[in-house]
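Reader: I am new to this structure and would be grateful for a close look at a single part of it.

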Amino acid sequence: MSCWAQIDDTAMHPEDIKAELRKRDWNGAKIGQKLGVSRHCVSAVIRGRSRSAMIEKEIATILEKPLYVVFPDYYSCQSPSD
């Protein structure tokens, strides 16, 4: 299966991201506090209304997923050797 097929099958909707964060006992306020930003900034990134590499990376880390799965509009999948 190609990398792009995997993205189509697993790309996350903002509501999926929020649900997965809740399952792990995280929310926008908690992420914002950890990173020194407001929960509104975190929410805007989750909804795709704003960009922040720092917030995107933190969310992907918490969800234990690659950035290209959580935010496929902004990150492309690459092989580990790239």
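Which residues have the most contacts inside the largest nonpolar core?

Author: The model under discussion is a predicted one. Its largest nonpolar core has 18 residues, and those with the most contacts inside it are I17, L21, I31, I59, L63, V70 and F71. Two or more residues of this core come from each of α2 (14–23), α3 (28–35), α4 (39–46), α5 (53–63) and α6 (67–70). The largest share, five residues, is given by α5. In general terms, nonpolar side chains tend to be buried together in soluble globular proteins.

An α-helix has 3.6 residues a turn, so residues three or four places apart point the same way. I17 itself touches M12, I46, I59, L63, V70 and F71, residues up to four places away in sequence not being counted. After α2 comes D25, whose phi is positive, near 65°.

The packing of α4 with α5 may be considered next. Their axes are 10 Å apart and meet at an angle of about 75°; the two helices are therefore roughly perpendicular to each other. In this contact, C41, V42, V45 and I46 of α4 meet I55, E56 and I59 of α5. Of the residues involved, six are nonpolar, none is polar and one is charged.

Notes. Residues are numbered from 1 along each chain as its sequence is written. This is a predicted model: local features need pLDDT of at least 70, side-chain atom pairs count only at pLDDT 80 or more; totals for chains, interfaces and linings use all residues. Side-chain values use heavy atoms; hydrogens and water are left out. A nonpolar core is a set of buried Ala, Val, Leu, Ile, Met, Phe, Trp, Tyr and Cys residues joined through side-chain atoms within 4.5 Å. Buried means under 20% relative accessible area, exposed over 50%, partly exposed in between (1.4 Å probe, protein chains only). Helices (H or I, at least four residues) and strands (E, at least two) are DSSP runs, numbered from the N terminus. Contact means heavy atoms within 4.5 Å. Axes are lines fitted to C-alpha atoms, for helices over the stretch in contact, and angles run from 0 to 180 degrees between N-to-C directions. Angles under 35 degrees count as roughly parallel, over 145 as roughly antiparallel, 65 to 115 as roughly perpendicular and the rest as oblique. Ala, Val, Leu, Ile, Met, Phe, Trp, Tyr, Cys and Pro count as nonpolar, Asp, Glu, Lys and Arg as charged, and the others, Gly among them, as polar.
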